[in-house]
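Please take a look at the sequence and the model below.

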Number of protein chains: 2
Amino acid sequence: MEQCKVLLDESEMPRQWYNILADLPTPMKPPLHPGTGKPIAPEDLAPVFPMNLIEQEVSAERWIDIPEPVLEKYCLWRPSPLCRALQFEKLLDAPVKIYYKNEGNSPPGSHKPNTAIPQAYYNKVFGIKRLSTETGAGQWGSALSMACQMFGLDCRVFMVRVSYEQKPYRRMMMATWGAECIPSPSNVTSAGRKILADFPDSPGSLGIAISEAIEDAVGNPEARYSLGSVLNHVLLHQTIIGLEAHKQMEKIGVYPDVVMGCAGGGSNFAGISLPFVRDKIHGKEVSIVAAEPSSCPTLTRGPFAYDFGDTAMTTPLLPMYTLGHDFVPASIHAGGLRYHGMAPIVSHLVKEQLVEARAYHQIETFTAGVNWARSEGFIPAPETNHVIAAVVQEAMRAKEEGKEKVILFNWSGNGVIDLPAYDAFLSGSLTPYELPEEEIQRALKSIANFPKP
Amino acid sequence: MEQCKVLLDESEMPRQWYNILADLPTPMKPPLHPGTGKPIAPEDLAPVFPMNLIEQEVSAERWIDIPEPVLEKYCLWRPSPLCRALQFEKLLDAPVKIYYKNEGNSPPGSHKPNTAIPQAYYNKVFGIKRLSTETGAGQWGSALSMACQMFGLDCRVFMVRVSYEQKPYRRMMMATWGAECIPSPSNVTSAGRKILADFPDSPGSLGIAISEAIEDAVGNPEARYSLGSVLNHVLLHQTIIGLEAHKQMEKIGVYPDVVMGCAGGGSNFAGISLPFVRDKIHGKEVSIVAAEPSSCPTLTRGPFAYDFGDTAMTTPLLPMYTLGHDFVPASIHAGGLRYHGMAPIVSHLVKEQLVEARAYHQIETFTAGVNWARSEGFIPAPETNHVIAAVVQEAMRAKEEGKEKVILFNWSGNGVIDLPAYDAFLSGSLTPYELPEEEIQRALKSIANFPKP
């Protein structure tokens, strides 16, 4: 029987996160204060985040210690197994070995608690009593709910109203972990009240929910805001995935030719890939590929520009690939990939050609996902289906070229709460969707006058 | 940091299942043919099950080899980790060490594929093309759907209509794995058509669904029926859980004082406990405890008697604890524990006082389950909450007695698809429920004239 899993004992779990800022060949552009156009200072962020996390956000240290209480919680489901997809390989019948990190076996079902737990911990240590955040599909909101409960923090999640109504299981999951989940727009904040006054039936948007969560936190000295992707410290925490994978592949004496992840805000992709990007910077031959939806093709069709992280223009200006903060992505089922921008670190790596991006539409991704579920068993999240589509493409290329390849990818989450998306796919109600160029050009007008990176 | 997990490499996975029939101090009573009152012969079962599984059902061999193709599929998620519930221990503040097998990380979220996979495999080898089965809450139906897909069998699942409508996620899961899920009563069988003619709006019942599934299989030489619990061969396959646990505890040099599982049909309970019952038979001091719902108290309040396994009286008469095949359990959320009978093996062990049974009501079980989710992260299935309630009780006893104890239990499944049950509990709409004695006596009338074991 061929080996199908590489395990790490908890004693082998990495004790430090990896900070790629220490290894970048060219420095990143700084975030800018939208008022002054000057680089923002740590103090500017102090009403929003606790200072210990702000320090991580700007740190240039290569290795950052994972605190003991965080390791204790990680241990509930980490280290995650490195699995070999032997059954999927048989199905593809291509000269590839496919390895994946199964991040779908965490309590909320995705990679999100890798950062939710340290964020809750650092806020707790800083004396904060409550965290506010927003959630779209609900993966992030549920992960932070669990983490806050574990460290004795209150948690308030503003959930896009249409998701709140369509995905009651996510709301129930947050309640089970003791969090307060509020449909957004809400009457809790002035931002929410303003929208409701104008549009009482507003279905909400991630932009509105972010504005509500930030307002809710900033008004209260005992509260802070928490973000589930995009920022440097979030990507830092996720490197536990890639560091484990690196160790696990070393154990079996295999090094990947290609490392892949799906990319929405960029955190799970960065999590698996940054330790391998480091190798690449130091001369190792390895391809690093980000898979995104063709309906929200930030990396493949957006420009590298300064833009707001949110629709409501409350964040600093971030240097990133963006479709413009006004961009409204189509309602694809992969809610976690519906983001107009991309993590500045990931954007920088794409610009520097250390990372390549590819886009896939829903039919391709669900076809790949169903084939996965029927061979490997586990049902992937719609987001994860994007990287599986990329793996299939890579395998087919290897077959055409008659070239052996080792593929490593991040299986970022399971799709149990997303089964209605599979139902839609199986009943034939999904269509492939290519975004018209005019739509991108229209959305980009909103950033035409911003500073250029 | 205290050790929180004991892993087994796949090379350490047990290669044989354990058959307790080889070690029973007193022999079990045989199943009887309801027509003749004589013990049934293997041939009697041939239209229902393939002969290779019937041979397992009646085998007296102590160790039965797990076929290589089954091991390959087990490897997708097995061996399951033996976890130490350090966070839950802190919460209980009692002198106990709590270990559990996490069976919730399988693709369908429970222990059920441990037997679904070998059942699909043996049917495939026997030349069968399609399996029919019934499902209540959907855990079993989804596990068999996945297993059939993996071995290229068609799968037809008759799902109790009320569950089919209330739990659409389970139906979608089965469809994702390529199975046909039919609400029961249906027009597919004469049993279903008869019910529909009399009661067009029938919500269905497990009894009706079993009758439909058996009829559907028996009428077709290329089809067979499959059952997810109760029978000897099902319990045999589940012993992989306890055999792994046994090895894992040996690795850390710890032996449990108490081994616990929840019991509906008995398969997950038997899975964790039979290898420890074997030790007990050979003189080891260990308590073995089955936790059942007080609304369906088969082991704690039913007699040991001959009864049918199904409501429609199509099975052989089984020697077991039973509330009578006419018994209709209250609609508790732990659908997997709503069964009038109990596996003959488990029943025999209770009668022989090798196993002790305890009953818990919904409020106790959900209180335990929410405390678990808030400390350990993972949200347990409503069935699993019963054994967690038993663990809490055991810990509180140890505290009162000032006695140290090691508890091992089977965390049989996750509750992600059962979140509406948590919603009901958190909103205060559940009540404790003690079954009136008259109801039991009324149901038992249906078996008054059956042979006595």
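Predicted model: local features only at pLDDT ≥ 70, side-chain atom pairs only at ≥ 80, totals over all residues.

Residues are numbered from 1 along each chain as its sequence is written, chains are lettered from A and ligands numbered from 1 in the order written, and side-chain values use heavy atoms, without hydrogens and water.

Start where the chains meet. Contact (heavy atoms within 4.5 Å) links 50 residues of chain A with 50 residues of chain B. Together the two chains bury about 4600 Å², with 60% of it on carbon and sulfur atoms. Buried area here is the accessible area (1.4 Å probe) that two parts lose on being put together, summed over both.

A salt bridge is a side-chain nitrogen of Lys or Arg within 4 Å of a carboxyl oxygen of Asp or Glu. R171(A) and D423(B) form one, at 3.8 Å from N to O.

Which elements supply the chain A side? Those giving two or more residues are α2 (68–74), α3 (86–92), α5 (139–150), α7 (168–176), α14 (362–376) and α16 (419–426) of chain A. Helices (H or I, at least four residues) and strands (E, at least two) are DSSP runs, numbered from the N terminus. The largest share, six residues, belongs to α7(A).

Next, the sheet in chain B. Seven strands form an open sheet in the order β1-β4-β5-β15-β10-β11-β14, with mixed pairing. Strands pair if DSSP finds at least two bridges between them. At the edges sit β1 (5–6) and β14 (356–360) of chain B, each pairing on one side only.

Look at β15(B), residues 405–411. Seven of its seven residues are buried, so this strand is largely enclosed by the rest of the structure. Buried means under 20% relative accessible area, exposed over 50%, and partly exposed in between (1.4 Å probe, protein chains only). In a regular strand the side chains alternate between the two faces of the sheet. K405(B), I407(B), F409(B) and W411(B) point one way, while V406(B), L408(B) and N410(B) point the other.

β15(B) has parallel partners. Seven bridges tie it to β5(B), residues 96–102, where V96(B) stands opposite K405(B). Three bridges tie β15(B) to β10(B), residues 258–262, with V258(B) opposite I407(B). β10(B) also runs parallel to β11(B), residues 287–293, over five bridges. There, V258(B) has S287(B) as its bridge partner.

Finish with the backbone. Most residues other than glycine have a negative phi, and most peptide bonds are trans. R78(A) and P79(A) are joined by a cis peptide bond, with omega about -10°. S184(B) to P185(B) is also cis, with omega near 5°.

Phi is positive at D93(A), near 50°, and at V230(B), about 70°. Are these residues buried or exposed? D93(A) counts as exposed at 55% relative accessibility. V230(B) counts as buried at 6%.
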